[in-house]
Amino acid sequence: MTYEALVKEVKATASKADASGIQGHVAFQFNVTGEAAGAFYMEIVDGQIKVEPYEYYDRDVLVTSSADNILKIMNGKLDPVVAYTLRKIKVEGDIGKALLLKEIIK
């Protein structure tokens, strides 16, 4: 998988997610390791999700993982808490906001 294909798939998945219960602003940066290496961000503003292929320096949460694990989380096939516990992802920043991934991914 290429970096561009990964970002495209995450955008498509995020467009179907329900973030209506999240008010305010939350910014995630995903640093992808291995195949499809790169960085992209997902921003939630008043229930609207936006995914772009750029770094986000004023982020709340930084998630580092492989493209495969990120896609599994985004598709609801890997619980983000389990992924963190099993060290499949590394999380830096506001852990409370990181848990919001569970709310939007069903």
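A salt bridge is a side-chain nitrogen of Lys or Arg within 4 Å of a carboxyl oxygen of Asp or Glu. By this criterion, a search of the whole structure finds five salt bridges. The structure is a predicted model.

**Salt bridges**

- One of the salt bridges pairs Lys-11 with Glu-52, whose closest N and O atoms are 3.8 Å apart. Because Lys-11 belongs to helix 1 and Glu-52 to strand 3, this pair ties together parts that are 41 residues apart in sequence.
- Lys-11 has a relative accessibility of 35% and therefore counts as partly exposed.
- Another salt bridge brings together the side chains of Lys-102 and Asp-79, at 2.5 Å from N to O. It links distant parts of the chain, with Lys-102 in helix 5 and Asp-79 in the loop between helix 2 and helix 3 (80-85), 23 residues apart.
- Both partners of that pair are partly exposed: Lys-102 has a relative accessible area of 37%, and Asp-79 has a relative accessibility of 29%.
- The side chains of Glu-92 and Lys-90 also meet in a salt bridge, with an N to O distance of 3.5 Å. Glu-92 counts as partly exposed, at 38% relative accessibility.

**The largest nonpolar core**

- The largest nonpolar core has 32 residues. Those touching the most other members are Leu-6, Val-10, Phe-28, Phe-30, Phe-40, Met-42 and Ile-104.
- Helices and strands both supply this core: two or more residues come from each of helix 1 (3-16), strand 1 (25-33), strand 2 (38-45), strand 4 (61-66), helix 2 (67-74), strand 5 (89-93) and helix 5 (100-104).
- In soluble globular proteins, nonpolar side chains tend to be buried together.

**Helix 2**

- Six of the eight residues of helix 2 are buried, so this helix is largely enclosed by the rest of the structure.
- The buried residues of helix 2 are Ala-67, Asn-69, Ile-70, Leu-71, Ile-73 and Met-74.
- Just after helix 2, Gly-76 takes a positive phi of about 75 degrees.

**Asp-60 and its contacts**

- Asp-60 is located in the loop between strand 3 (48-52) and strand 4.
- A polar atom of the Asp-60 side chain lies 2.8 Å from the backbone nitrogen of Ala-27.
- The side chains of Asp-60 and Lys-97 are joined by a polar contact of 3.4 Å.
- Leaving aside residues up to four places away in sequence, Asp-60 touches His-25, Val-26, Ala-27, Glu-92, Gly-93, Asp-94 and Lys-97.

**Helix 4: Ala-98 and Ile-95**

- Ala-98 lies in helix 4 and is buried, with a relative accessible area of 13%. The cut-off for this class is under 20% relative accessible area.
- When residues up to four places away in sequence are not counted, Ala-98 touches Phe-28, Val-61 and Val-91.
- Ala-98 and Leu-62 are 36 residues apart in sequence, and their C-alpha atoms are 8.5 Å apart in space.
- Ile-95 is also found in helix 4 (residues 95-98). At 42% relative accessibility, Ile-95 counts as partly exposed.

**A nonpolar surface patch**

- Ile-95 takes part in a nonpolar patch on the surface, together with Val-81, Tyr-84 and Leu-99.
- The accessible area of these residues together is about 350 Å².

- Most residues other than glycine have a negative phi.
- Asp-46 has a positive phi of about 45 degrees although it is not a glycine. Asp-46 is placed in the loop between strand 2 and strand 3, and counts as partly exposed at 46% relative accessibility.
- Arg-87, likewise not a glycine, has a positive phi of about 65 degrees. Arg-87 is found in the loop between helix 3 and strand 5, where it is exposed, with a relative accessible area of 76%.

Technical notes: Residues are numbered from 1 along each chain as its sequence is written. This is a predicted model: local features need pLDDT of at least 70, side-chain atom pairs count only at pLDDT 80 or more; totals for chains, interfaces and linings use all residues. Side-chain values use heavy atoms; hydrogens and water are left out. A nonpolar core is a set of buried Ala, Val, Leu, Ile, Met, Phe, Trp, Tyr and Cys residues joined through side-chain atoms within 4.5 Å. Buried means under 20% relative accessible area, exposed over 50%, partly exposed in between (1.4 Å probe, protein chains only). Helices (H or I, at least four residues) and strands (E, at least two) are DSSP runs, numbered from the N terminus. A polar contact is a pair of N or O atoms within 3.5 Å; within protein, one must be able to donate a hydrogen and the other to accept it, and residues adjacent in sequence count only if both atoms are side-chain atoms. Contact means heavy atoms within 4.5 Å. Patches are made of residues with over 30% relative accessible area and no salt bridge: like charges are joined within 9 Å, nonpolar side chains (Val, Leu, Ile, Met, Phe, Trp, Tyr) within 5 Å. Accessible areas come from the Shrake-Rupley method with a 1.4 Å probe; for residues, only the protein chains shown count as cover.
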